[in-house]
Amino acid sequence: MIRTGQQYKDSIRDGRRVWINGERVSDVTTHPQFQPIVDIRARIFDMQHEEAHRDIMTVVQDGERNALGSALPYTQDDWWSKRRATDHLLNDVGGVVTRVGDETVGEMWSLFDGQDVLNEVDPQFSKNIETHIHRVLKEDPFHVSANTDPKGDRSKAPQDQDPDMLLHVVKETDAGIVVRGAKYETAAAYANQAFTKPTIANWGNNALSDYAVGFICDLGSPNLRFICRTGFAGRAPKKDYPLANGFDEVDTIVIFDDVLIPWENVLFYRHTKAASFIRATLHRYSAFAFVQRNLKVADMMIGAALFNARQTGLDKQQAVQEKLAQLAVYREGINAHLTAAIALGERSPAGLMMPNQSLLYTGRVLACSQLHEMMHIARELCGGQICVTPDAASFENPETKPWLDKYYSINDEWVADDRRKLLAFARDLLNSDYAGHRLTFQLFAQSPPFAHLAAVYRNFDWDGPLAFVKEAAGLSDRVMAGRTLTPGDNAISSWFAADTKRAAAE
């Protein structure tokens, strides 16, 4: 099924306890710091029903129309459809939003792939996973994931410090487990449910731990509290800060004060092997939607910088063209990784189509590690006017408007009002406190940079380079300690292997 925006808003008016700026929020759907992003999420639900968007945003399965973002991927065409749907919705809302469901639901598909590991612990857990994957399709909730705990002393095991510093199980009942602790998660205050994951803990050699727990949390559950960071919306006029007022996704520390998790929502519990496996494979699908957001951010930087250069004729200068080309290289680098990750997709243990893992994770490193440099280049191209230009009210005041019209109009194509809008957009993209927040968010949203590189290390095929150097340098077989290397470019091998399969099928 697919819900409407109104159904979504009604579903989060459930008496949840939310605070922001030290004040209790009575209704997140109408509070000025939540309303813009809640409206965008509602808009996405409504787009699924509208004729102009329905066939792009949804898929019909077994006679029922479901959200495309929640549908499991089985083919490369499925990934092209998901990529198109994400691009389509971001174009419609006119900005970049990340935690709107399609990114985080992919983390449950990783659990779907880990059924063999979970079956070793308890077959009921893998059944719970499958049930929830289909519930997401059938009930169309706004699904997010609860990521990181308060850090505590990371040199110590969880049980060797304040035991509540990391989320853990405090009691089992016939109805389920009772958990205590805290998690940070963007959008939790206005979402329906969260896949709550174990932290990256110092497990030591323990096979079992009360901290190794993963579950689906109904965010309307009793004993949850949501303490939010200050929002960017409403702090300054929208005309001056259009992105902060439209697309701020509010982060929350979610307090679990002895929250009951029903057994049917428990996805794994106590076994550190299962927790470590889940953490290591968590982003094999969700990274695609996340990296695609970076592609859209690159488009925003290119558009702002190029418009700014063209309005004053600076785009004719070679030095400016070179900086614009650097932005284009960054953008197309992300595009190439996403495209190739689909073209060389891999079959997962559960039979799903995974984006090529090595290309996807290297693309994530490229997108996140170079973003700050690209923002700096875009800032150079937009120039100092993004930090000195007066606000919109001054452009509208009868006493100051004539002066600003005079000094901000360039020609018939670029008049003062359009220049002010472009500079306000660029300022909020590159130079405001929201821009700084967004840069840090992109760096840590899925995991910290060292974890991004660890994922590359685990998924890159090292055999090709080793085989090439072994032969080129005339090394003996002893250097591989009995291992046989697979020579050649893995991408070429994959392509022709798939070609052979296609020919055989025909």
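This is a predicted model: local features need pLDDT of at least 70, side-chain atom pairs count only at pLDDT 80 or more; totals for chains, interfaces and linings use all residues.
1. Helix H11 covers residues 318–343 and has 26 residues. From its first C-alpha to its last it reaches 35 Å, which is close to the 38 Å expected at 1.5 Å a residue. Its buried residues include Val320, Leu324, Leu327, Tyr330, Ile334, Leu338 and Ala341. An α-helix has 3.6 residues a turn, so residues three or four places apart point the same way. Keep that rule in mind when reading the list of buried positions.

2. Of the 13 residues, 10 are buried, so H12 is largely enclosed by the rest of the structure. The buried residues include Leu360, Tyr361, Val365 and Leu366, and also Gln357, Ser358 and Arg364.

3. Which residue caps the N-terminal end of H12? The cap is Asn356, with a side-chain oxygen 3.3 Å from the backbone nitrogen of Ser358. Ser358 is itself among the buried residues of H12.

4. Asp113 is placed in helix H5 (residues 106–113). Is this residue buried or exposed? Its relative accessibility is 6%, and under 20% counts as buried, so Asp113 is buried. Leaving aside neighbours within four places in sequence, Asp113 is in contact with Arg284, Tyr285, Ser348, Pro349, Ala350, Leu352 and Met354.

5. Two of these contacts can be described at the level of atoms. The side chains of Asp113 and Ser348 are joined by a polar contact of 2.7 Å. A polar atom of the Asp113 side chain also lies 3.3 Å from the backbone nitrogen of Ala350. As for Asp55, its C-alpha is 28 Å from that of Asp113, and the two residues are 58 residues apart in sequence.

6. Most residues other than glycine have a negative phi. Asp140 is not a glycine, yet its phi is positive, at about 55 degrees. Where is Asp140 found? It is in the loop between helix H7 (123–139) and strand E5 (143–146). Asp140 counts as buried because its relative accessibility is 2%.

7. Ala187 also has a positive phi, near 80 degrees, and is a residue other than glycine. Ala187 lies in the loop between strand E7 (176–186) and strand E8 (193–196). With a relative accessibility of 0%, Ala187 counts as buried.

8. Thr252 is found in strand E11 (residues 251–262). It counts as buried because its relative accessibility is 2%. Apart from neighbours within four places in sequence, Thr252 is in contact with Lys183, Tyr184, Glu185, Ala189, Phe226, Ile227 and Cys228.

9. The last point concerns the surface. Tyr457, Phe460, Trp462 and Leu466 make a nonpolar surface patch of about 420 Å². Leu466 belongs to helix H20 (residues 463–472). Its relative accessibility is 40%, so Leu466 counts as partly exposed.

Key: Residues are numbered from 1 along each chain as its sequence is written. Side-chain values use heavy atoms; hydrogens and water are left out. Helices (H or I, at least four residues) and strands (E, at least two) are DSSP runs, numbered from the N terminus. Buried means under 20% relative accessible area, exposed over 50%, partly exposed in between (1.4 Å probe, protein chains only). Patches are made of residues with over 30% relative accessible area and no salt bridge: like charges are joined within 9 Å, nonpolar side chains (Val, Leu, Ile, Met, Phe, Trp, Tyr) within 5 Å. Accessible areas come from the Shrake-Rupley method with a 1.4 Å probe; for residues, only the protein chains shown count as cover. A salt bridge is a side-chain nitrogen of Lys or Arg within 4 Å of a carboxyl oxygen of Asp or Glu. Contact means heavy atoms within 4.5 Å. A polar contact is a pair of N or O atoms within 3.5 Å; within protein, one must be able to donate a hydrogen and the other to accept it, and residues adjacent in sequence count only if both atoms are side-chain atoms. The expected span of a helix is 1.5 Å times one less than its number of residues.
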